[in-house]
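Please study the sequence and the model before reading each solution.

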Amino acid sequence: MPTPQRRPGPGRPSWQPRHALLALPLGLIVAVSLVDFLAPAHVHLGPLLVAAPAVTAALGGPRLVVAVGALATLAQLMIGVTRRGWLSLNHEVQVLALVLVTVLIAVFAALRERQQQRMHQVRSVSEAAQRVVLRPLPPRLGPLRVASVYLAAEAEAHIGGDLFAAVRTDGCTRVLIGDVRGKGLGSVSDAALLLGAFREAAHQQTALPELTRYLERSVSRELAELAETDPRGDEDFITAAVLEIPDEEPVVRVVNCGHPPPLLVRDGRVTPCTARHPQTPLGLGGLAATGYRADTFPLAHGDLLLLYTDGVVEARDTAGTFYPLPERLTAWAREEPEPLVARLREDLLAHVRGSLGDDAAAVALRRGGPPPPAG
């Protein structure tokens with residue numbers, strides 16, 4: 001049984017590692033004072049005390065800077081009085097300089113603290129937007145075990161142009177994964193539009209081609225309205241794959257609109273579900289002369305299906321090598337969805353050394369339990 005951790009009670013501040021670092025400025029004050037007391041009369045180390053509030057600025061806020069600066073000033077005064085019995089002009093200037101520097105450092109620390117609070121608020125809003133727009137997928141959808149991962153290219157961002165969603169309908173699960181062209185707030189708006197349309201229409205449209213056609217009309221209409229105010233709006237589109245997985249049939253139906261093909265993992269082998277009837281990306285439906293048709297692929301008990309965006313397979317390392325997703329899946333063929341996407345996340349970030357050039361998202365689905373043992 002794990003030992004319960006003791007939590008700080010009311011009014012008791014939690015101990016943080018940086019509190020131990022306060023020994024640096026305090027030790028500096030003590031060391032400079034002792035050396036100055038013991039040094040010859042012509043040696044003056046008092047000006048070094050200005051380093052104490054400067055170091056404190058990296059450890060705490062303006063109040064802590066002022067407190068350490070006050071201690072350093074007091075030490076400077078004691079040095080002057082103890083060594084000569086009075087304050088010389090030199091010591092008065094040193095004390096004045098120390099007070100001035102402490103005030104300036106405290107002001108900068110206050111500005112930094114205010115900026116950090118603003119960044120925290122922005123990060124909180126970003127996290128809330130992600131929870132609203134890109135809802136986390138449940139671990140179980142009918143006979144499917146599900147897990148997902150989302151990695152934003154921007155370090156401080158939590159949501160971008162990649163998207164995924166899943167909806168349970170009568171006797172089947174419908175899944176959407178997509179990638180909005182472009183970045184920034186415009187891509188988030190387009191992603192929210194498509195996700196909202198999918199969650200509403202997935203329950204109403206009886207056939208997968210009809211659902212995709214509805215999504216195409218919704219995206220095209222929104223992008224046409226956007227083009228009236230944004231000259232670049234007519235260049236936007238969304239690559240997407242719309243899937244339907246029946247509960248009682250060992251198949252998956254896919255309408256692929258310019259999106260990377262899902263990868264089917266069976267018996268340790270990875271097979272791309274390449275579309276036999278590829279469609280144009282959503283928002284460009286006016287360029288397509290044919291209607292939407294769904295492709296059917298096998299998805300038996302124990303099979304795993306990985307959906308992903310191009311940010312995964314187009315991620316490059318320092319040598320320019322693309323991320324080898326099929327090879328990795330071959331090695332992880334027997335992993336359950338949750339540990340698989342966790343390993344995918346860690347391995348992808350290690351491949352690019354923590355710096356993604358584009359947003360990346362992936363959804364892993366396994367029908368039933370794990371695959372049977374080999375042989």
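Two strands (DSSP runs of E of at least two residues, numbered from the N terminus) pair if DSSP finds at least two bridges between them. The model is predicted: local features need pLDDT of at least 70, side-chain atom pairs count only at pLDDT 80 or more, and totals for chains, interfaces and linings use all residues. Residues are numbered from 1 along each chain as its sequence is written, and side-chain values use heavy atoms, without hydrogens and water.

**Exercise 1.** Describe how β7 and β8 are joined.

Solution. Strand β7 covers residues 263-266 and β8 residues 269-272; they pair in the antiparallel sense over 4 bridges. Within this pairing, leucine 264 lies opposite threonine 271 of β8. The two strands make a hairpin with 2 residues between them, and aspartate 267 in the turn has a positive phi of about 55 degrees.

**Exercise 2.** Determine which strands stand at the edges of the open sheet.

Solution. The sheet contains 5 strands in the order β3-β4-β5-β6-β9, with antiparallel pairing. β3 (162-169) and β9 (295-298) each have a single partner strand, so one side of each is left without a neighbour in the sheet.

**Exercise 3.** State by class which residues line the largest cavity.

Solution. A cavity is a set of points, on a 1 Å grid over the protein atoms alone, where a 1.4 Å probe fits but cannot get out; lining residues have an atom within 4 Å of a point. The lining includes Val149, Leu344 and Arg345. By class there are 8 nonpolar, no polar and 1 charged residues, where Ala, Val, Leu, Ile, Met, Phe, Trp, Tyr, Cys and Pro count as nonpolar, Asp, Glu, Lys and Arg as charged, and the others, Gly among them, as polar.

Terms used
On a 1 Å grid over the protein atoms alone, a cavity is a set of points where a 1.4 Å probe fits but cannot get out, and a pocket is an open set with protein on both sides within 12 Å along at least five of seven lines; lining residues have an atom within 4 Å of a point.
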